[in-house]
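This report describes one protein model for a reader who is new to structural terms. Please keep the sequence and the 3D view at hand while reading.

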Amino acid sequence: MKYVHKFLGTLLIVSTGISSLPHIANAVTLSNGEVAFVQPPRLVSASTPYTDTSFPNPTYYFTVEVPAAAGEALQQVTFTQRSGTENIEFAPNETIAFVGTRHRQGQSLAVRTLRSDTQRQTVTVTFDSPIPPGQTVTIGLRPDRNPFYDGVYLFDVTAFPSGKQTAGQSLGVGRLQFYSDTTTES
């Protein structure tokens with residue numbers, strides 16, 4: 001009986017230790033062979049420090065959090081303008097990316113490929129090295145200027161895991177608002 005209690009006590013300690021280990025999630029493979037995130041990244045924010053219409057050389061910051069349970073690293077993010085009075089065109093060679101947020105910038109990240117499709121109003125950013133789960137990254141898109149027309153401009157944000165055949169998962173909509181200076185001197 002003494003050995004049974006000792007065995008059960010040891011079993012309880014071992015099982016408690018195993019259950020406290022971090023859960024390691026693997027990527028999901030869909031029936032068509034595409035790889036998807038177990039838990040998709042999350043769009044944390046979309047912002048710009050310069051909200052005046054026609055402001056030259058602004059940066060639009062999109063912060064994405066890759067959860068620890070993502071199951072796969074983040075390789076690519078697409079931005080598709082869905083609304084706004086004017087189509088915003090981005091300067092492909094001016095895109096920046098870094099670990100952290102707009103206000104807490106960390107290490108710069110290399111952007112390997114940047115593709116802009118003005119007909120579909122889509123910009124695709126591919127990281128040189130995939131962003132591992134548990135990281136937060138900010139992508140800065142740079143147009144030549146803010147739109148001439150004020151109002152709300154919405155961007156669909158989609159994330160893709162690393163790999164050759166991947167499924168994009170929507171992270172939500174980034175919202176930017178621009179204001180025109182309507183004050184006049186009397």
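## Terms and basis of the model

Two residues are in contact when heavy atoms of theirs lie within 4.5 Å. The model is predicted: local features need pLDDT of at least 70, side-chain atom pairs count only at pLDDT 80 or more, and totals for chains, interfaces and linings use all residues. Residues are numbered from 1 along each chain as its sequence is written, and side-chain values use heavy atoms, with hydrogens and water left out.

## Overall architecture

The protein contains one helix and twelve strands. Helices (H or I, at least four residues) and strands (E, at least two) are DSSP runs, numbered from the N terminus. Along the sequence, the pattern is α-β-β-β-β-β-β-β-β-β-β-β-β.

Of the 186 residues, 37% are buried. Buried means under 20% relative accessible area, exposed means over 50%, and partly exposed lies in between (1.4 Å probe, protein chains only). The accessible surface comes to about 11100 Å², and 51% of this surface belongs to carbon and sulfur atoms. Accessible areas come from the Shrake-Rupley method with a 1.4 Å probe; for residues, only the protein chains shown count as cover. Among contacts between residues at least 6 apart in sequence, 70% join residues at least 24 apart.

## The nonpolar core

In soluble globular proteins, nonpolar side chains tend to be buried together. A nonpolar core is defined as a set of buried Ala, Val, Leu, Ile, Met, Phe, Trp, Tyr and Cys residues joined through side-chain atoms within 4.5 Å. The largest such core here has 28 residues, and those with the most contacts inside it are F62, L74, F79, F127 and L141. Two or more residues are given to this core by each of strand 4 (60-65), strand 5 (74-83), strand 9 (122-131), strand 10 (136-141), strand 11 (151-161) and strand 12 (169-178).

Beyond its neighbours within four places in sequence, L74 is in contact with F37, P41, V64, V66, F127, P130, I131, V137, A159 and F160.

Five strands form an open sheet in the order 3-4-10-6-7, with antiparallel pairing. Its edge strands, strand 3 (42-47) and strand 7 (105-108), each pair on one side only. Two strands pair if DSSP finds at least two bridges between them. Strand 3 and strand 4 run antiparallel and are joined by five bridges; L43 has V64 in strand 4 as its bridge partner.

The loop between strand 3 and strand 4 holds S54 and N57. Neither is a glycine, yet S54 has a positive phi of about 65° and N57 has a positive phi of about 50°. S54 is partly exposed, with a relative accessible area of 31%, whereas N57 is exposed at 59%.

## Two residues that contact F37

Which residues does V28 contact beyond its neighbours within four places in sequence? They are E34, V35, A36, F37 and V38. V28 lies in strand 1 (residues 28-29) and counts as partly exposed, at 33% relative accessibility. The C-alpha atoms of V28 and A167 are 9.8 Å apart, although 139 residues separate them along the chain.

Q169 lies in strand 12 and is buried, with a relative accessible area of 18%. Leaving aside neighbours within four places in sequence, Q169 is in contact with A36, F37, P40, V157, T158 and A159. The side chain of Q169 reaches the backbone nitrogen of F37 at 2.8 Å.

Terms used:
A polar contact is a pair of N or O atoms within 3.5 Å; within protein, one must be able to donate a hydrogen and the other to accept it, and residues adjacent in sequence count only if both atoms are side-chain atoms.
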